[in-house]
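Please consult the sequence and structure shown here.

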Amino acid sequence: MEKEYNKTIKQICILLQSEPTTEVIQGLREAFENLSKQLKAGPFLEVFETTLSNIPFAALFSLLAAPDNRLVVTVAEVTSQLLKPVTWAMVHQTFEEYIIQGLDHPHPVVKCLVLDQFLKCDRDTEPFSPQYGQHIWMCLEAKSDTDATKLAKQVLEHLCAVGMATDYLLTGESIGAMRQLLASGGESQRFRVYDVVAGASARSDTIFELLRQEGIIDMLLKESSADDVLVLMNFYELLPTMCASLASFEYLDSAGIFVDALACADKAEGDSSVTGSLLRVAGLKLFSRMVDAGGVKPGLFLEKYPIAPRLGQMLLATEASGELTTTAINCLGAIGNNADALAYLVKEKTALAALASVYDRSIGQLRVECMQAVACIFGHSASPSKAASQACYELYERLAGGKLLASLVKEIMKGFEESCVAGLAVIQKMTLHAWGVREIASHQNALNYLLMRDSSRGRLVQQWQFAAIESMAKSEQAVVEFDAATLAQIQKYVRDGPYYVSSAPQVALGSS
């Protein structure tokens, strides 16, 4: 008995030899919809081989130019399934002429079909054509984000990551396409290009210098003078990525970008409007993220751009809005999560003192934000230096009048998931320090509570509780601080896993 997919393929072959009437187009649409289902149902290899033995890829690609949208979509889906096992080298060798046609195709489904193939190219030694670059860049052209523009951006970032940028994506033709996109498009289109530019320039000074010489970097820097707050926010988002090396950071720094950003944040201080608040928050977040940029020396950067004392002042200002206070707390946590930046905060003093002050008077969500920031600071490294660990201990001593552990247990006992997770996160980060394990060991009630299982707690809370115990068990300080019985109890907790429930004894009920 003839298999159904064979009947479908024969039907398609007959229709392909017919005049493209309305009835033929309808027949092809239905036949390809059936073939798509049959490819999914399988056996794939059998249907795959039979299809390609009878319907060449050239015929499939020619149908992608059909005037019927539904047919185009269905043929694209079938072609996509047939191309799944085909390597990039084979795609390039066999379909080079169709690739550019597909990238320029007006239908987004066809663009995505072709763009998907580039994600198979995973080495800079793979065959490639310099003609592809400009056509991939032009796939970013659109007023707003679409599936095709998102995929094109992903493809460009992927190809940059595998080393194709200099030879294939930054040719004269590609640079021309980039300039065209930047000159003719709105904010969304420009920043699609800038996102790729930032990622590519972060990969090597050679790429950054090439883009600088071509004027692309300076076009990006001009966005810093935009009146539109959303443009400025998008611009700030890219800066830490671009400052991956000292050379790129020094160029941006010499352009006065960070001086302007600090001035912009200061200028917005007295502006209570939505725009003013957005500008200030964006500026604060920029400086907190810059400490982790590869080309930045955090201590020197924070000295040159003294954002920390500003954060401290914001935390102590009673008139500050809830959003700004939360932002200041989050920024301090992000800055303190970097060991070199933490050393600066210790020397600067006022910001950490302000954080301790806010913690002591906070309740509810603000307390959660404070705990999350403290967890970031305590957890800046899995193997903290003695100096950094001492800095964390000094902060610990400041918080809750030196009774932070008891305060954390109290927050956890409230039973609200967010408070539980934040409190347990701080305790888990404490165990990365010898003083943290010592503190837990010296507070028997806190230790007992940590070792007490409660299946009514959510799984996320149980995971964090387990993480705290596991981290404590791994600490070299555990052997010093705990007696053999307690250490055995901790180790058993770890062996049993986060969701262990002891089996309750069964009681036999006799009949009277």
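The model is predicted: local features need pLDDT of at least 70 and side-chain atom pairs pLDDT 80 or more, while totals for chains, interfaces and linings use all residues. Residues are numbered from 1 along each chain as its sequence is written, and side-chain values use heavy atoms, without hydrogens and water.

**Helix α26**
- Seven of the ten residues of α26 (residues 404-413) are buried, so this helix is largely enclosed by the rest of the structure.
- Those buried residues are L404, L405, S407, L408, V409, E411 and I412.
- Just after α26, G415 adopts a positive phi of about 90°.

**Helices α30 and α32**
- The axes of α30 (residues 459-474) and α32 (residues 484-496), lines fitted to C-alpha atoms over the stretch in contact, come within 9 Å and cross at roughly 130°.
- On the α30 side the contact is made by Q465, F466, I469, E470, M472 and A473, and on the α32 side by I490, Y493 and V494.

**Whole protein**
- The secondary structure comprises 32 helices and zero strands, where helices are DSSP runs of H or I with at least four residues and strands are runs of E with at least two.
- The C-alpha atoms fill a box of roughly 85 × 85 × 45 Å along the principal axes.
- Buried residues make up 50% of the 512 residues.

Definitions and conventions. Axes are lines fitted to C-alpha atoms, for helices over the stretch in contact, and angles run from 0 to 180 degrees between N-to-C directions. Contact means heavy atoms within 4.5 Å. Buried means under 20% relative accessible area, exposed over 50%, partly exposed in between (1.4 Å probe, protein chains only).
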